Amino acid sequence: MGHEYVELKNTHAAIESYRRAVDVNRRDYRAWYGLGQTYEVLEMHTYALWYYKKAAGLRPWDGKMWMAIGSCLQKMGRERDGIKALKRALLADTYYDSTSSSFGSAGIDRAAPGHMDPEILLQIASMYDNLDEVDEAKAYMELCVAQEDGSLGDNLGDSVAIHNDSPGGASDDEDGGERNGGGDGTGVTAATSKARMWLARFAMRSGDYTTANRLATELCQDGQDVEEAKALIREARARLDPDQAGD
């Protein structure tokens with residue numbers, strides 16, 4: 001009943017319902033997660049984080065739990081801790097079947113095994129950008145765009161693994177083939193388009209006008225941020241061929 005009260009914006013009733021569920025079964029991760037959701041709606045992020053951690057402790061390889069923790073930490077201004085949690089989310093969903101959860105995935109497409117969620121990659125990249133760690137931000141933006149065709153990149157294990165015993169810590173010889181395996185990607189999404197725009201702007205700032213022109217052209221073809229993309233194309237071409245731009 002608790003999640004139905006959340007949908008109805010009746011937070012007081014939702015909290016009472018979830019608390020009764022926890023009293024009946026202290027290992028009901030859905031109730032702990034629901035309490036976290038409800039307190040997050042109330043913008044009481046410290047409480048929400050505590051309940052999300054309780055849920056994650058009961059279901060440590062459910063990516064949705066770590067996504068909630070990471071997003072909550074970001075709202076609290078704890079980007080570095082949030083990044084660690086979101087990396088756990090990327091490694092998750094290999095232990096549990098995500099479809100068994102009673103909660104929805106908030107519109108996030110759980111891609112086929114071997115793919116990563118571009119929304120999570122974009123969020124990690126943005127948090128690195130906020131920390132002024134541009135190289136890491138760029139790497140995750142590129143990884144986000146790569147999900148359109150199902151690419152994973154060569155250094156997935158090194159960049160994502162945060163524990164020595166995590167799946168990402170395996171050697172390339174053991175599972176590199178699976179990581180770079182074929183298969184359909186996500187196609188163009190709002191997240192990959194935002195990442196492509198960030199990369200286009202970064203290329204302009206770095207003086208790589210050819211790359212900026214290519215990325216902006218792709219944005220126009222995808223129908224995403226067309227006006228801004230056209231402006232980038234004009235600027236990039238002017239830098240590449242100033243004589244033609246002056247005509």
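**Figure 1. Met44 and the nonpolar patch around it in this predicted model.** Met44 is partly exposed because its relative accessibility is 33%, where under 20% relative accessible area is buried, over 50% is exposed and anything in between is partly exposed, with a 1.4 Å probe and protein chains only. In this predicted model, local features need pLDDT of at least 70 and side-chain atom pairs count only at pLDDT 80 or more, while totals for chains, interfaces and linings use all residues. Residues are numbered from 1 along each chain as its sequence is written, and side-chain values use heavy atoms, with hydrogens and water left out. Met44 sits in the loop that runs between helix H3 (29-41) and helix H4 (45-58). Together with Leu42 and Tyr47, Met44 makes a nonpolar surface patch of about 270 Å², a patch being built from residues with over 30% relative accessible area and no salt bridge, with nonpolar side chains (Val, Leu, Ile, Met, Phe, Trp, Tyr) joined within 5 Å and like charges within 9 Å. The areas come from the Shrake-Rupley method with a 1.4 Å probe, and for residues only the protein chains shown count as cover.

**Figure 2. Glu43 in the loop between H3 and H4.** The backbone of Glu43 has a phi near 60°, which is a positive value in a residue other than glycine. Most residues other than glycine have a negative phi. Glu43 counts as exposed because its relative accessibility is 62%.

**Figure 3. The pair of helices H7 and H8, with Asp132 in the loop between them.** Helix H7 covers residues 118-130 and helix H8 covers residues 134-146, and their axes come within 8 Å and cross at roughly 165°. Each axis is a line fitted to C-alpha atoms, for helices over the stretch in contact, and angles run from 0 to 180 degrees between N-to-C directions. H7 and H8 are therefore roughly antiparallel to each other, the word used for angles over 145 degrees, whereas angles under 35 count as roughly parallel, 65 to 115 as roughly perpendicular and the rest as oblique. The crossing of H7 and H8 is left-handed, as the near helix is turned anticlockwise from the far one by less than a right angle. In the loop between H7 and H8 lies Asp132, a residue other than glycine whose phi takes a positive value near 60°. Asp132 counts as exposed, because its relative accessibility is 64%.

**Figure 4. The salt bridges of Arg196.** A salt bridge is a side-chain nitrogen of Lys or Arg within 4 Å of a carboxyl oxygen of Asp or Glu, and by this rule the count comes to 11. In one of them, Glu148 is paired with Arg196, and the closest N and O atoms are 2.9 Å apart. Glu148 lies in the loop between H8 and helix H9 (156-160) and Arg196 in helix H11 (residues 190-206), so this pair ties together parts that are 48 residues apart in sequence. Glu148 is buried, with a relative accessible area of 18%, and Arg196 is buried as well, with a relative accessible area of 5%.

Arg196 also forms a salt bridge with Glu218, the closest N and O atoms being 2.8 Å apart. Glu218 lies in helix H12 (residues 209-222), so its pairing with Arg196 in helix H11 ties together parts that are 22 residues apart in sequence. Glu218 is partly exposed, with a relative accessible area of 22%.

With Asp222, Arg196 forms a salt bridge in which the closest N and O atoms are 3.6 Å apart. Here distant parts of the chain are linked, with Arg196 in helix H11 and Asp222 in helix H12, 26 residues apart. Asp222 is partly exposed, at a relative accessible area of 28%. Through shared partners, salt bridges join Glu148, Arg196, Arg214, Glu218 and Asp222 into one network.

Figure 5. Leu240 and Thr210 are 30 residues apart in sequence, and their C-alpha atoms are 7.5 Å apart in space. Of the 247 residues of the protein, 43% count as buried.

Definitions and conventions. Helices (H or I, at least four residues) and strands (E, at least two) are DSSP runs, numbered from the N terminus.
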